[in-house]
Amino acid sequence: MPALIVGIIKYLLNQIKGVRMGVQALLRARMIDDYNKWEERGYAPIYARQNFENCWAQYHALGANGVMDDIHKKFLELPTEKGD
């Protein structure tokens, strides 16, 4: 019986890890797409910044921080209004 419980726990932990990694990948892809879109336009309106920051907070909470630090910094440097 204990071996069965250990097996179930290992299985569930692997499932959780897979979901976590999948969510990280989706968040990373979304943030990269958003950055590319708004960087090309030369600005990022407040709503786009809020959405990016929400994705960043969730990504950061999952423990994946190093890969996106540079893009996060660059996104926040974009002006919030379209220039002339």
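A residue counts as buried when its relative accessible area is under 20%. In this predicted model, His72 has a relative accessible area of 13% and is therefore buried. His72 lies in helix H3, and, once residues up to four places away in sequence are set aside, His72 touches Phe52, Glu53 and Trp56.

The buried residues of H3 are Ile71, His72 and Phe75. Seen down the axis of H3, these buried residues fall within an arc of 100 degrees, so they line one face of the helix. The buried residues of H3 pack against H1 and H2, whereas Lys73 and Glu77, on the other side of H3, are exposed.

## The nonpolar core

The largest nonpolar core has 15 residues, of which Met31, Trp38, Ala44, Tyr59, Met68 and Phe75 touch the most other members. Helix H1 (2-41), helix H2 (46-61) and helix H3 (69-77) each supply at least two residues of this core, and H2 gives the most, with five residues. In soluble globular proteins, nonpolar side chains tend to be buried together.

Ala44, one of the core residues named above, is in contact with Trp38, Phe75, Leu78, Pro79 and Thr80 when its neighbours within four places in sequence are left aside.

## The loop between H2 and H3

Leu62 is placed in the loop between H2 and H3, and its relative accessibility of 24% makes it count as partly exposed. Not counting residues up to four places away in sequence, Leu62 touches Arg20, Val23, Gln24 and Leu27. With Val23, the separation is 39 residues in sequence and 8.8 Å in space, taken from C-alpha to C-alpha.

Met1, Leu4, Ile5, Ile8, Ile9, Tyr11, Leu12, Leu13 and Ile16 make a nonpolar surface patch of about 980 Å². Among them, Leu12 has its place in helix H1 and is partly exposed, with a relative accessible area of 45%.

Ala3 is also found in helix H1, and its relative accessible area of 63% makes it exposed. Between Ala3 and Leu13 there are 15 Å in space, C-alpha to C-alpha, for a separation of 10 residues in sequence.

## Salt bridges

Side chains of opposite charge can pair when their charged atoms come close. A search of the whole structure finds three salt bridges. One of them joins the side chains of Arg30 and Asp34, at 3.1 Å from N to O; both residues lie in helix H1, four residues apart, which is about one turn of the helix. Arg30 is partly exposed, with a relative accessible area of 42%, whereas Asp34, at 11% relative accessibility, counts as buried.

Because Asp70 and Lys74 are four residues apart in helix H3, about one helical turn separates them. Asp70 is partly exposed at a relative accessible area of 44%, and Lys74 counts as partly exposed at 37% relative accessibility. A salt bridge also links the side chains of Lys73 and Glu77, at 3.5 Å from N to O, and these residues, being four apart in helix H3, are likewise separated by about one helical turn. Lys73 is exposed, with a relative accessible area of 52%, and Glu77 is exposed, with a relative accessible area of 55%.

Conventions
Residues numbered from 1 in each chain as written. Predicted model: local features only at pLDDT ≥ 70, side-chain atom pairs only at ≥ 80, totals over all residues. Heavy atoms only, no water. Core = buried A, V, L, I, M, F, W, Y, C linked by side-chain atoms within 4.5 Å. Buried < 20%, exposed > 50% of the residue type's maximum accessible area, 1.4 Å probe, protein only. Contact = heavy atoms within 4.5 Å. Patch = residues over 30% accessible without salt bridge, like charges linked within 9 Å, V, L, I, M, F, W, Y side chains within 5 Å. Areas by Shrake-Rupley, 256 points an atom, 1.4 Å probe, with all protein chains shown as cover. Salt bridge = Lys/Arg side-chain N within 4 Å of Asp/Glu carboxyl O. Arc of directions from axis to C-beta.
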